[in-house]
Amino acid sequence: MKILIVGAGLYGAVSARELAAAGHQVTVIDKRAHIAGNVYTEDVAGIQVHRFGAHIFHTADAAVWQYVQQFADFNRFTNEVIANYKGELYNLPFNMNTFNRMWGVTTPAEAEAKIAAQRAVLGGKTPANLEEQAISLVGTDIYEKLVKDYTAKQWGQAPRDLPAFIIRRLPVRFTFDNNYFNDPYQGIPIGGYTAMVAKMLAAPNITVTLNTDFFARRDAYLAEFDRVVFTGAIDQFCDYRFGALAYRSLRFETEVLDRDNFQGNAVINYTDAETPFTRIIEHKFFDPANSLPGHTVITHEYPQDWVPGAEPYYPVNTPATAALLARYQAFAAATYPQVRFGGRLGAYRYYNMDQVIAAALAALPAVTA
Ligand SMILES: Cc1cc2nc3c(=O)[nH]c(=O)nc-3n(C[C@H](O)[C@H](O)[C@H](O)COP(=O)(O)OP(=O)(O)OC[C@H]3O[C@@H](n4cnc5c(N)ncnc54)[C@H](O)[C@@H]3O)c2cc1C
């Protein structure tokens, strides 16, 4: 088949790789000037810079971990995030180091007793929103200093107006373990994600064209190809005919500094309301072995409201958007039977990298069906 893949991000690249391996003729287009979508990294002063936010590969899926090893060697980076609340530094995720810094407690029993006492403000009721869920998990002090304002900045809404499920799986540990993720596999591809995606796309029957927007030639593409895999936004594909889905956007400010070390860690979250950004990333710490001394690159990350035309980084999954998504999916399936929607925007799912790879692999039979 002649297959068009719209989007050279991870979903598009994995689809292209596997469809080409199965003998199909694959064309990949992307409206951006580069491959790799949001996992795009580029070399700035010898440092691999994560252009669209910190990307740490982590998974519990052994098959996905094995799959990506074909395209890159991974280092042993472990994400150990620091929270800065008005100059007070805390370890994340919430663990014995956090509890010790917050309350001076030194044993798990003391920490659990402190949280239980603070949880009492809920009066034993089941948490009905993010605020109550956080207080139930870690108590009021940690909620006030490390969750409340950070979450409000991130989502543009007060935690009591957000659903509890967003943090239901937040790790809370009564051990001295600062590893942000629970997954058994974790790392960063040495040489960056762009090189990894380039390797996925390197096949004689894959053609990649950048700076090319699908919507500029939509009808021609639909006529020309047997199948289209679309990894852009499904509501945009359908001309927003039922109204736009909800998204959250981001703004990144990146600068090169003439010093070895700016903050001593890859990721520091700013959890107070007054600081307008949510985090600062210092890119060299994602792969310290491969960074030259003398300079460093940092990025401030500012959450933004999404408006049409802005980059839709995060889908905002609510009951209302789930209903709207179902309408779009039904319309698209009936109107464009040759198009398959996938990836973070096509499926409108808050996928991590491992999930997007697993989803692309699982969807392969449906692409050519
Ligand atoms: C700030 C941030 C941090 C993240 N951190 C992590 C992390 O630490 N770990 C993790 O596992 N995951 C992380 N993720 C998630 C990760 O980025 C996604 O899982 C992954 O990038 C999704 O791949 P994708 O191919 O679905 O989408 P994308 O990477 O968005 O690729 C879609 C591509 O389609 C192109 N496109 C869209 N519309 C058109 C069109 N009309 N014509 C042509 N091209 C088009 C876009 O330009 C884009 O290149 C993070 C995401 C963000 C936003």
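**View 1. The surroundings of Gln-186 in this predicted model**. Leaving aside residues up to four places away in sequence, Gln-186 touches Ile-56, Phe-57, His-58, Trp-65, Asn-75, Phe-77, Thr-78, Asn-79, Asn-179 and Phe-181; contact here means heavy atoms within 4.5 Å. Gln-186 sits in strand S8, residues 185–187. Helices (H or I, at least four residues) and strands (E, at least two) are DSSP runs, numbered from the N terminus. Is Gln-186 buried or exposed? Its relative accessibility is 12%, so Gln-186 counts as buried (buried is under 20% relative accessible area, exposed over 50%, partly exposed in between, with a 1.4 Å probe and protein chains only).

**View 2. Polar contacts of the Gln-186 side chain**. The Gln-186 side chain reaches the backbone nitrogen of Asn-79 at 2.8 Å, and a polar contact of 3.1 Å links the side chains of Gln-186 and Asn-179. A polar contact is a pair of N or O atoms within 3.5 Å; within protein, one must be able to donate a hydrogen and the other to accept it, and residues adjacent in sequence count only if both atoms are side-chain atoms.

**View 3. An open parallel sheet**. Which order do the 5 strands follow? They run S9-S2-S1-S10-S16, with parallel pairing (two strands pair if DSSP finds at least two bridges between them). At the edges, strand S9 (206–209) and strand S16 (339–341) each pair on one side only. On average, neighbouring strands are turned by 20 degrees against each other, direction ignored. Strand S2 (residues 25–29) is joined to S9 by 4 bridges, and Val-26 stands opposite Ile-206 in S9.

**View 4. Helix H11 against the sheet**. Helix H11 (residues 353–368) lies across strand S1 (2–6), strand S10 (227–230) and S16. Relative to S10, helix H11 runs at about 150 degrees. Axes are lines fitted to C-alpha atoms, for helices over the stretch in contact, and angles run from 0 to 180 degrees between N-to-C directions.

**Notes on all views.** Residues are numbered from 1 along each chain as its sequence is written, and side-chain values use heavy atoms, with hydrogens and water left out. In this predicted model, local features need pLDDT of at least 70 and side-chain atom pairs count only at pLDDT 80 or more, while totals for chains, interfaces and linings use all residues.
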